[in-house]
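Please read the following briefing alongside the sequence and the coordinates. The points are grouped by topic.

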Amino acid sequence: MDERAEYRIEDLAHRSGATVRTIRAYQDRGLLPKPERRGRSNVYGEAHLNRLRQIADLLDRGYTLASIKELLEAWDAGRGLGGVLGLVAEVNGPWTDEKADRITRAELDAAFGGTPDERAVEEAIELGVLERVPGRDDEFVVPSPQELAVAAELYAAGVPLLAIAGHLRELRGQVEHIAHRFLEFTTEHVFARYLEHRPPTDADAAEAATLVRRLRPLAQQTVDAELARAMRTFATRHLQQHLAPDTAPPPVEEPRAVPLPAATIRAVHKLVGPENAAAFIAAAAEREVAERTLDAIATNHRKGNEVNQST
């Protein structure tokens, strides 16, 4: 690396991948040192190029420009970024042992009845079940082969693809709520002491990264255990209801019409198409009810703890 390299702003933009407008905006925000003025020209060096690459890397990791400025100011003041970037890398690492796979369009069609369904493919891409391969129309990346296999098994058992997509949306909302609560819980009781400084020291960040590695499997293990317990309880009850000779089947409720604003209907049609609107609205309503139920349970639990602590 040539520390004496010099660039005009256009050259710096080309080398860094940033635009001239972005470079000037970073300067105005104090994220990038001012260039050296030579006559009527501004001259940038290798330090400016390195700083632009650091900013791009931190943006890719999910940092905001405000937090990046704090990190870079801390670095410039003599506090290293090694521990912080190690923590970021640990959090951004894989949270499952499952490996992504690829599937051809012919294999995909065969797994779902043998008849091509463009609408179902687009919906799977929107949900992230499939990802396009640049330059290939006949092949997809499958981030979670297990998830796709479950969908194929449900379809083979007679569940329509639209119902599978709606179920995944509902399930995803509930799981995201659980993940959010687990992060709140661990942050409050474990990580708060390491993250009270902004940015944290290298030693605190390194210790927090070690804890992330230790705690990483706990969320999935807890959910697996609780799901198994709930399925055992409800599956047994459900089977008893259907097998008991003197038990009437649960009543089937008739659908009810609910008026919705025209603007809401137009927005849903634009998002998922008129043919999917009813399923989308139903899934959204079920997700909201589930989240409110979980929030109520969590609130009651916290209130119970507060009462126990005060007595």
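In which helix is Gln174 found? Gln174 is found in helix H9, which spans residues 161-191, where helices are DSSP runs of H or I with at least four residues and strands are DSSP runs of E with at least two, both numbered from the N terminus. This is a predicted model, in which local features need pLDDT of at least 70 and side-chain atom pairs count only at pLDDT 80 or more, whereas totals for chains, interfaces and linings use all residues. Residues are numbered from 1 along each chain as its sequence is written, and side-chain values use heavy atoms, with hydrogens and water left out.

**Sheet**
- Three strands form an open sheet in the order E1-E3-E2 with antiparallel pairing, two strands being paired if DSSP finds at least two bridges between them.
- Strand E1 (6-7) and strand E2 (36-38) each have a single partner strand and stand at the edges, so one side of each is left without a neighbour in the sheet.
- E2 and strand E3 (residues 41-45) run antiparallel and are joined by three bridges, and Glu36 stands opposite Val43 in E3.

**Nonpolar cores**
- The largest nonpolar core has 18 residues, of which Leu12 and Ile23 touch the most other members; such a core is a set of buried Ala, Val, Leu, Ile, Met, Phe, Trp, Tyr and Cys residues joined through side-chain atoms within 4.5 Å, with buried meaning under 20% relative accessible area, exposed over 50% and partly exposed in between (1.4 Å probe, protein chains only).
- Two or more residues of this core come from each of helix H1 (9-16), helix H2 (20-29), helix H3 (46-60) and helix H4 (65-76), and H3 gives the most, with four residues.
- Leaving aside residues up to four places away in sequence, Leu12 touches Tyr7, Ile23, Tyr44, His48, Leu49 and Leu52, a contact being heavy atoms within 4.5 Å.
- A second, separate core of 16 residues includes Phe112, Leu127, Val142 and Ala151.

**Surface of helix H10**
- Ile178, Val223, Leu227 and Met231 make a nonpolar surface patch of about 360 Å², and helix H10 (residues 202-243) supplies the largest share of this patch, three residues.
- Val223 is found in helix H10 and, at 37% relative accessibility, counts as partly exposed.

**Gln174**
- Gln174 has a relative accessible area of 23% and is partly exposed.
- Gln174 and Glu286 are 112 residues apart in sequence, and their C-alpha to C-alpha separation in space is 10.0 Å.

Definitions and conventions:
Patch = residues over 30% accessible without salt bridge, like charges linked within 9 Å, V, L, I, M, F, W, Y side chains within 5 Å. Areas by Shrake-Rupley, 256 points an atom, 1.4 Å probe, with all protein chains shown as cover. Salt bridge = Lys/Arg side-chain N within 4 Å of Asp/Glu carboxyl O.
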